[in-house]
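Colleague: I would like to learn how to read features in a model like this. Please start with the terms, then show me the cases.

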Amino acid sequence: MKSNIKDIALIGGGPAALLSLKHILKSNLSVHSIFIFEKNDRLGVGMPYGEKGSCKEHVANVSANELPDLASSFQDYLHRFPSKQFPDFADAENFNPYLVIPRLLLGDYLEDQFDQLMNLAIKKGIQINVLKNTTVKDIIPENGKNARFKIKADNENEYPVDQVILCTGHIWPIKYEGTVKGWYDSPYPPSKFKHTTNFPVAVRGTSLTAIDAVKTLARLNGKFTEIDDKITYELDPSSQDFRLDLFSTGGFLPALRFHSEDDAYSEEWTMSPQEISEYKKNNNGFVDLDHVFEINFKLPLQKKDPEFYSSIKDLSIEAFVEKMMGSRERADSFKLFKAEYEEAEKSIDRRKSITWKEKLAAFSYAMNYPAKHFSAEDMLRLKTTLLPLISIIIASLPQSSYKEIMALHDAGLVSLIEVDKESTVEPNLEGGGNYFYKDNNGKEVKKFYQVFVDAIGQQQMNPEDFPFKSLIFEEMVSPAYLKFKDHEKGKELYAKKEENVIKSSDENYYLNVPGLNINDYFQSINSMNKNMEGLYIMAVPFIGGLNPDYSGLDFCDTAAAKIVESLANCEFPINNAETVDKVEQSKINIL
């Protein structure tokens, strides 16, 4: 029996919307029409894979063999559109599926897949309405009328729909950029960096976002040369005083890609809603972080690497992190970076995984789904212990980026400065910013930079940042909270006025985590703790509190599958979408 749905709105037309469309078409849903609202001029690419987030030098941390199944494979795409811009992808027959993909090329592929899936939808009798260059200003509940929601767009039109899936992607809030010369609140779009900088530049962060900034700024002030797989860097004559200072609270550079033996991430790796429910019944209403760590890290590690498992099997989460981080903290950052590169190269050459890193990445993916059932204590443990290690390991920095960073380092043009968590950056009245921090000896330091780039990556957003105010006003969305298992612990933190710890009217204590409240199917939960029919949230900045590792195509794929399962109210297989013949584009309504 098919579930009948009149109209679905995808708010945002990037990768999350693409994967939502894929699963809608694989389900038993009977859909009349789909509205796709995209604020930019392309579908599928989102921020990361188009000009808003990339230049030619930027590469994804994903290879073809790691992509979710779509309408056709990446190799099939290369057969149809061999790349002239990227020579490694010009020969579809002989390309290396383990090679990381340039982000702009990946965006072209995802855009092509969106076209194919829309054509498939038309063949199935679904009306597709595409609204590019259109920003959604509000989503208005209709309170029992023919449609549940009215989508209000900046073209002054309103569109009634039954179901809404929020796929709005990354958000980079503007604080001082545009008003303070030389201050950049993010490295995006990279095209905004147009001029040489003949002076030191401060970059806050060492994540992949920071590496994006480094790659762009380096090219503005000099050039990389590759000879016999060795990359060197030379400054332009006009930029002799250029250098990059990277500021990091951890003092680490991201870990390198290595050979992975597992298939692309699978929904089967996660605890099912039934398993979660059963576990909670027997464990005071919570899923324990230690349990998830055991079943999604230690047990898989025992099967794949018994020797390493034996060295950590009796360690608590805290002791495991201390063991893995201890050696890192004692090493020079760039020496460690080089050693990890050599380890990763051996892994790739031998086609043998670095098992503990692979399983930790798998754990990070799998723990998203039970995380909203953690106690407040466990969420605090996760954020203060495991996540700092995970954020380094899962970065999977491509080897080409490593070589460029080391070329800059060898030229004496990049340094990493470890700062305390209380460090701040303040805009300078004459431009740029002043960095305030304590050095390793506890001495207070103030450094002025003519250019400052905030590159710590996507931050979790709070309900007050949510753009669709009618949903807030009608209380169809609500803040996310986790209850303390130990009442006395919650009471103690509340008495200390710990930030984000609150007391409820029934004398229980909760941790207010960033973002909005959602259930296991990414359905919005209102202020009365009721699931909101027809409203789903997979906008990554607004679900990070309950989904601690919430980025990437794999996450979007599994999240979309769960949303559509909820819409269809039944199980359905997640297989390759069938390859379809081209349908005349005139049948897609470009509104």
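Modeller: Start with burial. Buried means under 20% relative accessible area, exposed means over 50%, and partly exposed lies in between, using a 1.4 Å probe and protein chains only. At 18% relative accessibility, Ser 396 therefore counts as buried. This is a predicted model, where local features need pLDDT of at least 70, side-chain atom pairs count only at pLDDT 80 or more, and totals for chains, interfaces and linings use all residues. Residues are numbered from 1 along each chain as its sequence is written, and side-chain values use heavy atoms, with hydrogens and water left out.

Colleague: Where is Ser 396 found?

Modeller: First, the element names. Helices (H or I, at least four residues) and strands (E, at least two) are DSSP runs, numbered from the N terminus. Ser 396 sits in the loop between helix 12 and helix 13 (399-410). Its phi is near 50 degrees, a positive value in a residue other than glycine.

Colleague: Which value does phi of Arg 351 take?

Modeller: Phi of Arg 351 is near 55 degrees, and Arg 351 is not a glycine either. Look for Arg 351 in the loop between helix 9 (333-350) and helix 10.

Colleague: Which residues does a cis peptide bond join?

Modeller: Tyr 188 and Pro 189 are joined by one, with omega about -10 degrees. Pro 189 belongs to the loop between strand 10 (183-184) and strand 11 (200-204).

Colleague: Next, helix packing. What describes two packed helices?

Modeller: The angle between their axes and the distance between the axes. Axes are lines fitted to C-alpha atoms, for helices over the stretch in contact, and angles run from 0 to 180 degrees between N-to-C directions. Take helix 10 (residues 355-366) and helix 12 (residues 376-393): the angle is about 115 degrees, and the axes are 10 Å apart.

Colleague: How are helix 10 and helix 12 oriented to each other?

Modeller: Angles under 35 degrees count as roughly parallel, over 145 as roughly antiparallel, 65 to 115 as roughly perpendicular and the rest as oblique. Helix 10 and helix 12 are therefore roughly perpendicular. Handedness comes next. A crossing is left-handed if the near helix is turned anticlockwise from the far one by less than a right angle, and right-handed if clockwise. Helix 10 passes helix 12 in a left-handed crossing.

Colleague: Which residues make the contact?

Modeller: Contact means heavy atoms within 4.5 Å. Helix 10 contributes Trp 356, Lys 357, Leu 360, Phe 363 and Ser 364, while helix 12 contributes Leu 386, Leu 389, Ile 390 and Ile 393. For classes, Ala, Val, Leu, Ile, Met, Phe, Trp, Tyr, Cys and Pro count as nonpolar, Asp, Glu, Lys and Arg as charged, and the others, Gly among them, as polar. The contact of helix 10 with helix 12 has 7 nonpolar, 1 polar and 1 charged.

Colleague: At what angle do helix 4 and helix 13 pack?

Modeller: About 60 degrees for helix 4 (residues 208-221) and helix 13, with axes 11 Å apart. That makes helix 4 oblique to helix 13. Helix 4 also passes helix 13 in a left-handed crossing. Ile 211, Val 214, Lys 215, Ala 218 and Arg 219 of helix 4 meet Ser 401, Glu 404, Ile 405 and Leu 408 of helix 13. By class, this contact of helix 4 with helix 13 has 5 nonpolar, 1 polar and 3 charged residues.

Colleague: How many salt bridges does the structure hold?

Modeller: A salt bridge is a side-chain nitrogen of Lys or Arg within 4 Å of a carboxyl oxygen of Asp or Glu. The structure holds 28. One of them pairs Arg 42 with Asp 108, with the closest N and O atoms 2.8 Å apart. Arg 42 lies in the loop between strand 2 (29-37) and strand 3 (59-63) and Asp 108 in helix 3 (residues 103-123), so the pair ties together parts 66 residues apart in sequence. Arg 42 is partly exposed at 21%.

Colleague: Which salt bridge does Asp 290 form?

Modeller: Asp 290 meets Arg 381 at 3.2 Å, N to O. Asp 290 is in helix 6 (residues 289-304) and Arg 381 in helix 12, 91 residues apart. Salt bridges that share partners join Asp 290, Glu 318, Asp 378 and Arg 381 into one network.
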